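Let's take a walk through a protein model and the ligand that goes with it. Have a look at the picture before reading on.

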Amino acid sequence: MHQTSQSWQQQLAAGFSQIDELCEFLSLPQLNMECASNHFAVKVPIEFAQRMEKGNPNDPLLKQVLPLQQELLDVPGFNHDPVGDIPASKQTGIIHKYHGRVLLITTGGCAINCRYCFRRNFPYPDFQLNRSQYQHVLDYIQSRADISEVILSGGDPLLLHDDKLMQLIIQLDEIQHIQRIRIHSRIPVVLPSRISEQLCSQFSSIKAKLIMVVHCNHSQELNQPVYMACQQLKKAGVSLLNQSVLLKDINDNAQQLTQLSEKLFSFDVLPYYLHLLDKASGTAHFEVDEETAIVIINEVKQLLPGYLVPKLVKEQAGKQSKTVIC
Ligand SMILES: *Cc1c(COP(=O)(O)O)cnc(C)c1O
Ligand code: SF4
């Protein structure tokens, strides 16, 4: 594999979309999981699969992307829109639930398909803001002086090409009351080749504070290319934060969460949120209950300085902010 000579788009296109190919790459026996992957496609960048341990069916990175028959179970309490976002965002591309911050759905796609994700059930996998929605978004933000921060979300906003992404960021930067532009992206972790010098030099010319909230769940996701991507972003003046999801048999113990926080900090990324799973259909087998989560995070607090302990949060429909549990 000649990673460095390929563009990130080529890297993305070359990723695994068939479970048998991924299993072969990992020297694992073929697994019959087609039913689940018909529901929500398999998508794994090669650079991410390379961090998995060969021959280990319980690898914590593999578990995040491997479709299981359990996804097809109908579990009470798990539904298609656990946080109540779909009706509003589908029409406008905007989710304005919290004071001072507005979240934009810039694209429906991601570089990786995480099996535990609430987005697996979103009805618009290829959603893109069309021209009139785009203008509506800018008008909406322009006309509300109490909005100081715009969050680019998705899907994964870094899946947009540089010119589209920068056009949006520059237009937001021109709005006087916008002080912060935040990008929520798993790409610096799963497809670090996307973070180019060219992109970073454009970031560094933005007046507003840029924040990138990456998404990493396990210390094994953090390798040298991810380190380089984080350093480039940092040099461009981007503040780096991380959010994780607490996932059963993946990162649901204090040792792993401690190691994750320490490694993130050595990459210049501060832990921000540790989310309880959003109860989306097909994700029940990843759930860690709230009481267990509290026990784990309290253990983490005894092991780490306060600034390395992420806030344990959950999202509840209709609330004015994330609910901080601990
Ligand atoms: C999570 C979220 C935010 C950001 O919340 P912070 O607590 O500021 O990180 C904003 N808008 C929506 C709709 C969200 O779900
Ligand atoms: S939105 Fe985030 S968690 Fe969900 S599939 Fe995309 S990268 Fe994974």
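What follows is a short tour of the ligand's surroundings and then of some backbone spots.

This is a predicted model, where local features need pLDDT of at least 70, side-chain atom pairs count only at pLDDT 80 or more, and totals for chains, interfaces and linings use all residues. Residues are numbered from 1 along each chain as its sequence is written, chains are lettered from A and ligands numbered from 1 in the order in which they are written, and side-chain values use heavy atoms, leaving out hydrogens and water.

Let's start with ligand 1.

| Side chain (N or O atom) | Distance to an oxygen atom of ligand 1 |
|---|---|
| Arg-101 | 2.7 Å |
| Arg-182 | 2.8 Å |
| Tyr-273 | 2.6 Å |

Taken alone, ligand 1 exposes 380 Å², and the protein buries 92% of that (Shrake-Rupley method, 1.4 Å probe).

Now for the backbone. The peptide bond from Gly-154 to Gly-155 is cis, with omega near 10 degrees. Asp-249 isn't a glycine, yet its phi is positive, near 60 degrees. Asp-268 also has a positive phi, near 70 degrees, without being a glycine.

Technical notes. A polar contact is a pair of N or O atoms within 3.5 Å; within protein, one must be able to donate a hydrogen and the other to accept it, and residues adjacent in sequence count only if both atoms are side-chain atoms.
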